[in-house]
Amino acid sequence: MLGSLDTASVLEAQGEFRNPQHTIKPMDDRIAHQPGATAQVGDVTPMGRHDLRDWLSLIEGHGLLQRINCPVNPDEEIAAIAFMATRREDAPALLFEKALGDQTGAKILTNMLGSSKERYALAVGLAPDLSIAELIAQTRLLMDRRIAPARIAKTEAPVNEIVLRDTEVDLTIYPAPKFWPGDGGRYIGTAGITLTAQPDSGRINVGVYRQMLHGPRRLGLYCSPGKHGLLDREARWSRGDACEVVVAYGVDPVLFMLGAQAFGANVSELDVAGGIMGRPIELTDGEFVSLPIPARAELVIEGLLHPGDVAPEGPLGEFTGYYGRERSPQPVIEVKALHSRGSPILAAALMAKYPSCEIGAFYAVMRSARILDDLERIGVPGVLGAYAHPAAASGWGIVVVSMQQQYPGHAAQVLALTAQCPAAAYYTKWIIAVDDDVDPTDFNDVMWALSTRCHPAEDIDMLRNTWSTGLDPSRYSAEDRPYGSKVLINACKPHRYLKQFPASTLLRQEVYDRVAARWTELGFREAPPRLVVFHRD
Ligand SMILES: Cc1cc2nc3c(=O)[nH]c(=O)nc-3n(C[C@H](O)[C@H](O)[C@H](O)COP(=O)(O)O)c2cc1C
Ligand SMILES: [Mn+2]
């Protein structure tokens, strides 16, 4: 079981999409108790797991991994296979075991998490059959825990199977993929993590920042403005010092997912990752840098960013489904040492439109969890659920929030606060409020609400010059792109006319129960659909 995780709250949440949060009690008459779904984590708990290899065995046991052992070319072909295989949401993770012409024995893992809520659940130690709303509720609890990392001896670190220094290192021999035809180079690190330290506090940051290969010991590192890796580097460079970095490829998916989340500048993602794993992340000493290195990664690089040492980097096909920034000068890591397991597994994150993007299910769940945390902190009442759907540019474009309307102006308040809360403010263009009988994770439901409860002439507001990104292609001048705009859509029933609003067509509960009890007898093989709201006389 997951340490302090409250199993009762998992069970309570089951079948109740309108109130997956453990902190807000559902209205009694609306709880649907759904038998059969399991909240047991059993063998899926991450506490028994150490690294990426353990996790791959776990997902393979669940039929969620496909090995490809005929030779494939890392030059656009791996990405093409990954893209084609992931045009469906239930595509497995793909482990390419043989890269054409490769002498290193390295394997390439793509679609590690992708759009699979099951692989996300298995990564964080939750049951894969939980609904998305339940995963969001449980993720809120998991992301609240902190466990500091632990140091283990160099000799005990699996990543030290091979250790190379200085001119012994040649990164160009690894099968680093080029993904899209217009990419600026081969990217060895797209799902790797980069560690940097804040010089004054010593806080170790973990960020997912891409790395393009420039040469045997030269590696481009792209951090966009404001990212902690960039701030740590600037802090060193402003003192005239080089900045130490550690890059780890083939890490446990929890470390990858947290490296891709923004926490406060003083928070180490290593502590949050430990909290989710229920055990400390194991680190060991490096050969060259003073930073520790992840002991159970597949491959680790130690290096230095020297002030002013930059080289042309990018572009790279992005999570938006378009090429991102123009080629530009970016810092270069001078590689000083390499640590590797035999036949390392290098994770490669395909950036593409949904459902082919590596930033899919995990991002939607974690972002939604953090939006709900923000709204709870602000103290706005009646918020029941939120969902940043991954099809909307990997969870960036749309946020749906469900609520129980309690007073005039409540929906407008929830919309405005959601639009600008820290977890949702970046990029998000469409913020949609729905009533408590609409499941925000079910877009059929959301479209129903938009089409029947929203009166566009009255229910849509606009925010201008909001926080956005240069990656949003909808504005033509690159300088304008970071200034976004947002639409607030009230798709709740009009508050003024709640009493007169036409009743939804709902089943009578006793009839539903009767039919559900005879479902198998009636010849249906799957479980009866879960209904939670019923007709009232
Ligand atoms: C697959 C993937 C690739 C990413 N690539 C980059 C990148 O190249 N540069 C960047 O600044 N952020 C990138 N990000 C986003 C950052 O990881 C994210 O903003 C994270 O919060 C950075 O950590 P930080 O908040 O500690 O700076 C990527 C995220 C993912 C999931
Ligand atoms: Mn950070």
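At 2% relative accessibility, glutamate 269 counts as buried, where buried means under 20% relative accessible area, exposed over 50% and partly exposed in between (1.4 Å probe, protein chains only). This is a predicted model, in which local features need pLDDT of at least 70 and side-chain atom pairs count only at pLDDT 80 or more, while totals for chains, interfaces and linings use all residues. Residues are numbered from 1 along each chain as its sequence is written, chains are lettered from A and ligands numbered from 1 in the order in which they are written, and side-chain values use heavy atoms, with hydrogens and water left out.

Glu269 turns up again at the metal. The manganese ion (ligand 2) is held by Asn205 (OD1), His228 (ND1) and Glu269 (OE), at 2.1 to 2.3 Å. Donors here are N, O and S atoms within 2.8 Å of the metal (3.2 Å for Na, K and Ca), and sites may look incomplete because water is not among the atoms. Along the sequence, the donor residues follow the spacing N-x22-H-x40-E. Asparagine 205 sits in strand E8 (residues 204-207) and glutamate 269 in helix H8 (residues 269-277), so the pair ties together parts that are 64 residues apart in sequence. Helices (H or I, at least four residues) and strands (E, at least two) are DSSP runs numbered from the N terminus. Asparagine 205 is buried too, with a relative accessible area of 1%.

Then there is ligand 1. Its surroundings comprise 20 residues, the closest being Val208, Tyr209, Ser224, Lys227 and His228; a residue counts as near if one of its heavy atoms lies within 4 Å. Strand E8 gives the most to this shell, with three residues. As for individual distances, a polar side-chain atom of lysine 227 lies 2.5 Å from an oxygen atom of ligand 1. For histidine 228, a backbone N or O atom lies 2.7 Å from a ligand 1 oxygen, and a polar backbone atom of glycine 259 is 3.4 Å from an oxygen of the ligand. Taken alone, ligand 1 exposes 630 Å², and the protein buries 89% of that; these areas come from the Shrake-Rupley method with a 1.4 Å probe, and for residues only the protein chains shown count as cover.

Elsewhere, leucine 338 belongs to strand E15 (residues 328-340) and is buried, with a relative accessible area of 1%.

Definitions and conventions: Polar contact = N/O pair within 3.5 Å; in protein donor to acceptor, adjacent residues only side chain to side chain.
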